[in-house]
Every structure is written in structure tokens, then in C-alpha cells.
Amino acid sequence: MKTIRLPDGTTIPALGQGTWMMAEDRRVRSEEIAALRGGIDLGLTLIDTAEMYADGESERLVGAAIQGKRDQVFLVSKAYPQNASHDRLPRACEASLTRLGTDRLDLYLLHWRGNVPLGETVEAMERLVDAGKILRWGVSNLDTDDMEELVASGGAACATDQILYNLTRRGPEHDLLPWLAEHAIPTMAYSPVEQGRLVGHAGLCSLADELGATPAQLALAWLLARDNVIAIPKAGRVAHVRDNRAAADLTLNASVLDRLDKLFPRPKRRVPLEML
């Protein structure tokens with residue numbers, strides 16, 4: 001499994017597990033827990049969740065899945081922007097820890113930018129680090145100008161920027177990804193298969209078939225081939241997790257990468273960071 005180095009030197013798998021839109025149907029709860037646990041066993045030990053997902057039920061689902069496996073897991077959660085203040089962030093973090101059944105987060109993210117000044121959020125995050133509630137912090141959905149402001153506000157310790165990035169969302173390649181690389185901040189790519197929509201792309205399907213892979217595996221392998229990028233696909237079934245894991249073993253040569261560039265050309269000019 002390829003690994004990515006965080007700014008503090010910690011290495012994490014380049015392929016993890018997302019949980020957006022999980023824990024929304026109790027009828028499949030046991031299946032989703034089995035999928036997450038199976039992913040851990042396969043080396044997908046980074047699990048990403050958020051207080052927003054299913055109104056906290058995603059965190060409870062993850063908590064059930066990591067029971068007895070906590071020390072194997074790199075656990076990520078995210079706070080609402082309205083909770084990113086001095087007063088509210090400690091309470092939001094404590095509530096997430098309770099739902100997750102753990103005493104610390106490996107990484108805590110600001111979910112997107114709101115009205116709380118970034119400098120205040122940085123201070124609140126650093127206090128949580130000092131208290132041992134989180135080991136490191138980062139952000140999500142922040143564009144280049146936001147990142148510049150974050151660092152100028154004392155946020156040089158930011159561990160990642162989690163963004164929408166996949167074959168159909170290549171805008172960040174113009175300036176955000178180079179900026180993050182220059183500052184040694186890894187990119188964490190959410191919705192790496194465009195919430196499943198990429199699997200219906202005719203050109204991607206044809207190329208994947210030539211390679212003996214699925215379209216989703218090819219889309220993931222494209223991300224994993226890039227420097228400094230972590231992909232966090234969601235999978236609610238064990239078989240789906242196994243399919244995702246196989247993408248980490250798919251090597252794309254220059255010819256395949258060139259064909260993907262032609263199928264999914266990046267925008268000719270900078271576009272604002274997109275969100276789902």
C-alpha cells in the first residue's frame with residue numbers, strides 16, 4: 001500500500017475509507033460495520049467521518065466498527081464551521097469523541113469555511129492538540145486564497161486540505177494542488193469516483209475493460225498515481241471494499257495516464273474550488 005507523509009512525519013495509507021452517506025439506513029448497519037472492519041483488515045486504516053454525516057450517526061457507526069481496533073486506525077472527523085470557535089470547538093470535539101467511543105482523534109478538520117475567523121479556529125485546534133483530544137488538525141474545502149490566509153493566521157501546522165478532486169474535478173491542479181505541495185500539505189480527495197457517476201462514463205469503462213479493472217478502480221488508481229494525494233472512497237459492502245483495495249495494486253503507465261488526460265482534460269483556466 002502506498003503511503004503519504006503528513007507534515008509531522010506520520011505516514012498514512014494513500015487509500016482510506018470515507019463514510020459520507022453511511023449510517024442513514026439502520027437495515028444495513030451491520031453490513032456497513034463489516035465493510036469498515038474489512039477495510040481495516042485490508043490496510044485501509046484511515047477512516048474519515050464528520051459530525052454532519054447522518055447527524056452524528058456516521059460517527060457512531062465508525063465507533064462500532066473500530067471497537068477493538070482503535071490503535072490500528074487513523075481516525076479523522078470534521079467539525080461544522082459554526083462550531084469552529086474558541087467556545088464551541090471543544091464541545092463539538094468532545095461530542096464527536098463520545099459518539100466514536102474514543103479518547104482522541106488522529107486528525108480533526110474544519111469541514112468548510114464559515115464566519116469564524118480562521119485565526120480563531122487555528123487557536124481552538126491547537127488548544128485541542130495541547131489537551132490531547134486531537135493529535136493534529138487540518139481543513140476541508142479551502143481554496144488557495146483561504147489556505148494562504150490560514151497560514152498567515154498561524155496555521156502552518158495544517159496537516160491536510162480535504163477537497164473534491166477526481167477525474168471530472170481537476171480544477172485544483174491549476175493552483176491549489178501546487179500550493180499544497182509547496183507547503184508539504186497532502187491533499188485528501190473526497191468523492192473520488194464522483195459519488196459513483198464516473199462508473200457510467202463510456203470512455204472510462206472501455207479503458208478499464210482493457211486493463212482488466214473496473215471503472216471505479218481505474219478512477220481510484222489515477223488518484224493514487226498522483227503525488228501527495230489520499231483518496232477516501234465510501235464502500236458500504238465488504239465486496240465493494242475489496243474492489244477498492246485492488247485499485248491500490250493497479251499500476252498505470254504513461255500511455256494509460258495520457259489516455260485518461262484526453263478523456264478527462266483539466267480545465268484550461270483556473271476555476272474556484274468546487275464542493276458537493
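1. Angles under 35 degrees count as roughly parallel, over 145 as roughly antiparallel, 65 to 115 as roughly perpendicular and the rest as oblique. This is a predicted model, in which local features need pLDDT of at least 70 and side-chain atom pairs count only at pLDDT 80 or more, while totals for chains, interfaces and linings use all residues. Residues are numbered from 1 along each chain as its sequence is written, and side-chain values use heavy atoms, with hydrogens and water left out.

2. Helix H8 (residues 215–224) and helix H9 (residues 238–247) have axes that come within 8 Å and cross at roughly 45°, and the two are therefore oblique to each other. Here axes are lines fitted to C-alpha atoms, for helices over the stretch in contact, and angles run from 0 to 180 degrees between N-to-C directions; helices (H or I, at least four residues) and strands (E, at least two) are DSSP runs, numbered from the N terminus.

3. In the contact (heavy atoms within 4.5 Å), Gln217, Leu220, Ala221 and Leu224 of H8 meet Asp243, Asn244, Ala246 and Ala247 of H9.

4. An open sheet is formed by eight strands in the order E3-E4-E5-E6-E7-E8-E9-E10, with parallel pairing, where two strands pair if DSSP finds at least two bridges between them. Strand E3 (17–18) and strand E10 (229–231) stand at the edges, each with a single partner strand, so one side of each lacks a neighbour in the sheet. Two bridges join E3 to the parallel strand E4 (residues 46–48), and Gly18 has Asp48 in E4 as its bridge partner.

5. Over residues 15–263 the chain is 42% helix and 12% strand, with the end C-alpha atoms 23 Å apart.
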